[in-house]
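These entries record what I looked up about how two chains meet.

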Amino acid sequence: MSLRIVVCVKYVPDATGDRHFAEDLTVDRDDVDGLLSELDEYAVEQALQIADEADEAEITVLTVGPEDAKDALRKALSMGADKAVHVEDDDLHGTDVMGTSLVLAKAVEKIGYDLVICGMASTDGNMGVLPAILAERLGVPQVTLLSEVSVEDGRVTGRRDGDTASEQLEAALPAVVSVTDQSGEARYPSFKGIMAAKKKPVESWDLEDLEIDADAVGLEGAWTKVEDAKERPARTAGTIVKDEGEGGKQLAEFLAGQKFI
Amino acid sequence: MAEVLVYVDHVDGAVRKPTLELLTLARRIGDPVAVHLGAGADAAAGVLAEHGAVKVLTADAPEFADYLVVPKVDAVAAAYQAVSPVAVLFPSSAEGKEIAARLAVRIGSGLITDAVDLEAGDEGPVATQSVFAAAFTTRSTVTKGTPVITVKPNSAAVEAAPAAGAVEQLEVSFGELATGTKVVSRTPRESTGRPELTEAAIVVSGGRGVNGAENFPVIEALADSLGAAVGASRAAVDAGWYPHTAQVGQTGKSVSPQLYIAAGISGAIQHRAGMQTSKTIVAINKDAEAPIFELVDYGVVGDLFDVVPQLTEEVKARKG
Ligand SMILES: Cc1cc2nc3c(=O)[nH]c(=O)nc-3n(C[C@H](O)[C@H](O)[C@H](O)COP(=O)(O)OP(=O)(O)OC[C@H]3O[C@@H](n4cnc5c(N)ncnc54)[C@H](O)[C@@H]3O)c2cc1C
Ligand SMILES: Cc1cc2nc3c(=O)[nH]c(=O)nc-3n(C[C@H](O)[C@H](O)[C@H](O)COP(=O)(O)OP(=O)(O)OC[C@H]3O[C@@H](n4cnc5c(N)ncnc54)[C@H](O)[C@@H]3O)c2cc1C
């Protein structure tokens, strides 16, 4: 039987751009170019490798995000994923992690899955908790923060490098996996891949397709509220010296003045 | 007074510093009730009481070590039922965040991760977050359920505040999902003898400029002279010069020490994401245009192989 893999990918504002908040204190997604969260490329890569090892597999990439989020899906398709699902709805504006995970859970169930693969964290919200919440909502094992992953005989195994120990994990499918940037470089889309991606199916679903009430998501439905967002004051210009042979001593003087020595 | 649940991060009863910081922050909101899971509760109870825990709820079972995350969620959920707290606080470790997240969905509560400060507000705790690689500071509240908040290390100075700390056994029944993800084996990390990276008051990091594993002792010697932890950029880690556990940045550790010294690190946005909240920042880099200099309190434009050893000698001399 075919292994059904769903990869959750997020469309995020470019971290090297001037990221900021809009007036309603949500992320301004218009002013900064968006892209596929770089950490989700690792998830796509692992999906491709797992699919290669399987007898038969189908990879669906899934995103919840605005119109432009299709770009993220195209990138994943050009890397080699088979098809894509885009959940898009005006009422999704301002959704927090509880809402996002609800939408992803419903969409994953509708697609049908044996394995869900996520990145370790998005490069904007950076919470790093969505995969665990998704597993909780779906009622399946979480096998998260893996630096190595493989799937065999209906089981997923992997290595999780924690603070105090490195653990070898194992769970039966279906399961939710997240992979770190230690899992292996993501491939670049080939020209052939980019051309092929143009013909691959991208479905668009809205909240109604997923039978989700508008008030369960969006800014109104969020369980958290951003009260204010302030740009961090620019650091006052520090002292910069050129080493003319005494740089280390000068630095020591500074550190002593700050009572670090 | 209202009670606040505080999840205890510990190694066999040795309570880690971020938990003591949490107890300090928890006292701004209510009376801390500590939840200690696994072995070593007796050893931990004294320390927790000393730092303000009015009660210590404990449970031990093989499930906590043999299966990933979920058994601990079951246990904290049991503590939540027993106490009816006004907030639940976790340290922002990978595991702490995942337990917090699953608990939050289960109890129908909003979740805030990686807070760097916490105050009492009119409608519950207000959490400060440092976002977009620390370019913005936000203040957020939870509007539904009992706020579940994870807090980064070094967000508060630990204060002692002796309290009763009465130890109580927690009844936990594990759900079906608890045994879903088996921990087949565990290899403990070897201790370096240096302070824990995320908790250290001083961090000295090396980057691509260190130019080889064989040169990292230059960084280590400076760290040791200052009693600091050693960090590394991803470039240094990817090149195999230093272990990934030392990586500072978006996909490595996020640190917030009193003093951060970056040697041979350019200051890419992903590196800044993990160190920009450091109180004092110092950089040594031979390129005067390196972006790291935009952040520094003190910078030396120069070759790290000249500057760092000279600094190390100076520190040693001054410390006598
Ligand atoms: C600066 C900032 C701070 C925030 N703080 C909070 C907060 O404290 N509490 C809160 O509830 N919400 C918060 N949010 C909102 C939250 O980030 C979004 O709801 C988000 O979609 C889910 O969280 P994440 O992206 O941080 O997920 P993470 O847990 O960091 O993402 C892990 C993985 O989940 C998958 N994923 C995440 N989002 C999507 C998506 N939209 N589509 C497909 N796959 C996805 C990806 O595989 C990703 O790699 C914050 C957002 C921002 C920008
Ligand atoms: C999704 C994603 C996640 C990432 N996560 C992280 C992360 O967690 N942490 C991280 O660090 N990076 C991360 N990166 C990588 C990041 O973008 C940079 O590539 C990395 O930080 C560069 O490391 P570096 O500063 O050591 O190297 P470089 O950028 O190559 O800088 C080396 C510096 O050393 C200086 N130098 C060279 N020789 C000497 C000398 N003898 N004396 C003094 N100075 C010298 C040079 O002038 C230069 O400025 C991530 C990237 C991506 C895409």
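I counted a salt bridge where a side-chain nitrogen of Lys or Arg lies within 4 Å of a carboxyl oxygen of Asp or Glu. By that criterion I found nine salt bridges between chain A and chain B. I noted that this is a predicted model, in which local features need pLDDT of at least 70 and side-chain atom pairs count only at pLDDT 80 or more, while totals for chains, interfaces and linings use all residues. Residues are numbered from 1 along each chain as its sequence is written, chains are lettered from A in the order in which they are written, and side-chain values use heavy atoms, without hydrogens and water.

Entry on one salt bridge. I looked up B:R16, which pairs with A:D163; their closest N and O atoms are 3.7 Å apart.

Entry on extent. I recorded 80 residues of chain A and 87 residues of chain B in contact (heavy atoms within 4.5 Å). The buried area, meaning the accessible area (1.4 Å probe) that the two parts lose on being put together, summed over both, is about 7,000 Å², and carbon and sulfur atoms give 57% of this. I noted that A:E136, A:W223 and A:R235 supply 11% of what chain A buries against chain B, more than any other three residues.

Entry on strands. I took strands as DSSP runs (E, at least two residues), numbered from the N terminus, and called two strands paired if DSSP finds at least two bridges between them. Strand β13 (residues 239–242) of chain A runs parallel to strand β17 (residues 298–301) of chain B, with four bridges. Within this pairing, I found B:V300 of β17(B) as the bridge partner of A:V241.
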